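Reader: Could you take me through this model and show me how each label gets its name? I'd like the cut-offs along with the values.

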Amino acid sequence: MSLRMAWRKSINIVMLSLTGACTLLAVSVLFFILGYLVWHGGKDVNWNFFVKLPAPVGESGGGMANAIVGSAKLLLLAMLLGVPVGVLTGIYLAEFGGRTFGFLVRYTADLLNGVPSIVIGIFAYAVVVIPMHHFSTLAGGFALGVMTIPITVRSTEEFLRAVPNHLREAALALGASKWKAILTVVLPAASAGILTGIMLALARVAGETAPLIFTAFGNPFWSSGWNEPIASLPVMIYNYALGAYADWHEQAWAAGLVLLAFVLLVNITTRLILSRKISVSR
Amino acid sequence: MKRLRDFGILVVLLLMGGTAMGQSHDPVNLNAAGATFPYPIYSKWFDEYHKLHSDIQINYQSIGSGGGIQQLKAGTVDFGASDMPLKDELLAQFSFKILQFPTVLGAVMPTYNIPGVSAELKFTPQALADIYLGKVTKWNDSEITSSNPGVSLPGNDIVVVHRSDGSGTTFVWTDYLSKVSSEWKDKVGSNTSVNWPVGLGGKGNEGVSGVVQQTPNSIGYVELIYAIQNHLPYGMVKNSSGKFIKASLATVTAAASGAAAMMQKDIRVSITNASGADAYPICSFTYLLIPVSISDATKRDTIKGFLHWMLASGQGMVEALDYARLPQAVVGIEERQISQIQ
Amino acid sequence: MSSSASAAARAPSPGAARAFLRRLALGDAITHIVTLIFAASIIIITSLLVYQLWVNSVASRKAFGWHFWTTTVWDPVFDHFGALPFLYGTVITSVVALLLAVPLGVGAAIFLAELAPPRISEMLAFMIDLLAAVPSVIYGLLGIFVVVPFVRTELAPFLETTLGFLPFFRGPSYGVGVLTASLVLTMMIVPFIISVSREVLMAVPRDQREAALALGATRWESTIRVVVPYARSGITGSIFLAMARALGETMAVTMVIGNDPKVFTSLLAPGYTIAAVIANEFSEATGTLYLQALIELGLVLFLVTFILNGLARLLILATEQRAGARV
């Protein structure tokens, strides 16, 4: 009996340490990625990288200023499409949603969230690029915008639902109509959460490459207006990494570092905002 | 709520800023896409041309010749570029007429990465076809060793690398293999992308030379400039007169020398496996594909202006990048062709 | 809005007050309808997406029918398109990645949910979330420059000497290939499995564990015999989610798989996936049939991930509701 107990105990310890090892392995990947990018890309993230245009093929020097601005413009468009649709739908789901229809919308949003990004690219190509006869910032922004919608919907709904019901009831009791209560009480209470949801959605699509390669396309120059092809950081990383020039590889590392830094910073910041918010409201 | 509103204001301001930035000056933006084979010289040309005319930006994306043809057909670019001259049946798929302008001459060569072998390998047409057909699978196969006496080749498997995208380089390569191997012609044929019997795919000239560089015992085919710039060893190929020729400006020019006469009649000529004792056998013109009628007058003038410049000063830059310049007679033919653009 | 608020404050006569109330009710209706329209737009966008994929692949579906999925020739020269190699490559890379990622991910989730002190668990879970946020092109970048050389010089020779008797580890390795793609996919989906499984495990009611422990079970026994079975459908859901993501993953795979449309037996061989072939060939497909064949691939990729995601959500929902009902 005691032998059996010892056996069970040792199994216990072995398995528990194995799960710990799994965790360690998984988390160490993060530090590996970060360290490797800093090591390889750090020395090439310099002033030129941020202010210069890419050099012609085979010439050294140049930067990715246009790709950085390009990514920003694409994200702006994505936000213009994704935020209204996402937030209003979130409001509908949290405040009005009928049982069946609400479920249907929520479910569709989840499924849209799971659609491979390359398929979203085909979609944007078919509905924006082909009719407009133009690869454009608009097409890229549309593709990214569609991807932000489901994320924004779910986070908005979640944060609205987290607003205590007594706040709503208090507003209604004071004679406010439902929409006024939503606008003046519920939304402000959830605004930090909704904002972080939007930021997270943007951070996620900021790194998307597949939907951009045949919508936003690429551009070695500054892209003026919204109807021209435009460079973006992820597409530049993709092209430069596959290229045969050592100079391109270095720039790809640098761009990777900048992109990753942006994505992680947004994630960390939103987490900090959220945890502060939660501790305050508690 | 306040935060949300501030956020909204920020968005509107940014948006207005972005739009204003776009409208402050009125540059001519042309979009083009296509061949990767001439990408280095095109990116040089468009960069230089932008320096000369700061209001003109020609955005060239090297997505492959197949892509250039397809995107021009779909009307998503202003002009295309291809290493494969468009045949009549392909032209019939367009809803508008196309003019084809040869820009430079290039060569495609077998490049390889065999650890321990620094000698320059010699390839017979048969050996190249059989390697790409998957019939020759080891580096020490007699088909390779017989033309390379004195070189000790390893018994390793040959890693065949080809283009994964639709590419004019692939067209030139398969066009050549089709001319020298009837088996290749029947089984595979020639096009911008084909059904490869063996091999790994790399995207673009960059992708192929990248894979070759990173993979021991591999063979790939790339444009001359990529092999030179990346210090990849590349082999000599036996031409139709039985001589092993190394690709160079002189041997490529030699291959094109007979072409001008034919191009009077039809500008689309294949110069692979050209006759001539010093002709390198795997080379070709590369083309810009320009619609005959361009309704936007500014764009039309810009394209015409660029073509004239390309045929004059532009040609002066090509040799520095290891392309062969156009024969003078061909420049004359093209100058006349420019006037057809309306 | 401030004007209506002050109007309410003034509200001089009963008639005006009633009109005001009506207006308020009207405001409710408008808000309801506007948000409803936006909510419906999600369904419309998704349907439009399906519609576009469907109508733009009609020529390919007509020309090849079901043979599209059973033939292996992908030949743009002669306009023969068979998608089996892509389907096969997609499934194999994802399955291999799951075989590696599931034990790792579920193990880590158990540690985080059951064993680690809450503080540390929170922090580690946050790092896992960060890992899930790393863009796929960056995994591709590391894939090309780190994983590919590692597989070529270390892993593949090692596998060939130790496991070479199996057909899966034979033949030359180029570094790029199915195994490399699977490894990169593993790295990408582990964070997903961990964070969803952890949440599902944490939703298992406390009393389940305590009952098992009280009966003399060790910590591990209570976890593996009681908690994990309780959360089984949720964990399965997380695996489906991860699988959907692996199937649809584009950039990282395109960069390391070798792009060779063949049906392979050796994992060291190069392969091709649906998403990768679309990324490589979509913008350059000459000819309607070629383009439509690619869009049909997109359609199927969409349907498969759609079904997997659908199942996953239902499973996760089921666990959470079951847990919710008990609490």
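Author: Let's start with overall size: a compact globule of 282 residues would have a radius of gyration near 19 Å, but chain A has 24 Å. The radius is taken over C-alpha atoms, and the globule rule is 2.2 Å times the number of residues to the power 0.38. Before we go on, this is a predicted model, where local features need pLDDT of at least 70 and side-chain atom pairs count only at pLDDT 80 or more, while totals for chains, interfaces and linings use all residues. Residues are numbered from 1 along each chain as its sequence is written, and chains are lettered from A and ligands numbered from 1 in the order in which they are written.

Reader: What makes chain B agree with the globule rule?

Author: With 342 residues, the rule puts a compact globule near 20 Å, and chain B has 22 Å, so the two agree. Its C-alpha atoms fill a box of roughly 75 × 60 × 35 Å along the principal axes. For chain A, the box is roughly 70 × 65 × 35 Å, again along the principal axes.

Reader: Which secondary structure elements does chain A have, and how are they defined?

Author: Chain A has 10 helices and 0 strands, and from the N terminus on its elements run α-α-α-α-α-α-α-α-α-α. Helices (H or I, at least four residues) and strands (E, at least two) are DSSP runs, numbered from the N terminus. Chain B comes to 14 helices and 11 strands.

Reader: Which residues is A:Met236 in contact with, leaving aside its neighbours within four places in sequence?

Author: Those partners are A:Met64, A:Ala67, A:Ala231 and A:Ala255. Two residues are in contact if their C-beta atoms, placed from the backbone, lie within 7 Å. Among contacts in chain A between residues at least 6 apart in sequence, 75% join residues at least 24 apart.

Reader: What makes phi worth a look at A:His133 and A:Phe217?

Author: Phi of A:His133 is near 55 degrees, a positive value in a residue other than glycine. A:Phe217 also has a positive phi, about 65 degrees, although it is not a glycine. A:His133 sits in the loop between helix H5 (117–132) and H6 of chain A, and A:Phe217 lies in the loop between helix H8 (178–206) and H9 of chain A.

Reader: How do you know whether A:His133 and A:Phe217 are buried or exposed?

Author: Count the C-beta neighbours inside 10 Å: A:His133 has 11, so it counts as exposed. A:Phe217 has 30, so it counts as buried.

Reader: Why is H4(A) called oblique to H6(A)?

Author: The axes of helix H4 (residues 99–114) and helix H6 (residues 137–162) of chain A come within 8 Å and cross at roughly 135 degrees. That value makes H4(A) oblique to H6(A), because angles under 35 degrees count as roughly parallel, over 145 as roughly antiparallel, 65 to 115 as roughly perpendicular and the rest as oblique. Axes are lines fitted to C-alpha atoms, for helices over the stretch in contact, and angles run from 0 to 180 degrees between N-to-C directions.

Reader: Which residues meet where H4(A) and H6(A) are in contact?

Author: From H4(A) come A:Ala109, A:Asp110, A:Leu112 and A:Asn113, and they meet A:Ile149, A:Pro150, A:Ile151, A:Val153 and A:Arg154 in H6(A). They divide into 6 nonpolar, 1 polar and 2 charged. Here Ala, Val, Leu, Ile, Met, Phe, Trp, Tyr, Cys and Pro count as nonpolar, Asp, Glu, Lys and Arg as charged, and the others, Gly among them, as polar.

Reader: How many residues go into the contact of chain C with chain A?

Author: It takes 73 residues from chain C and 72 residues from chain A. The side of chain C divides into 50 nonpolar, 19 polar and 4 charged.

Definitions and conventions
A residue is buried if 20 or more other C-beta atoms lie within 10 Å of its own, exposed if 12 or fewer, and partly exposed in between; C-beta atoms are placed from the backbone.
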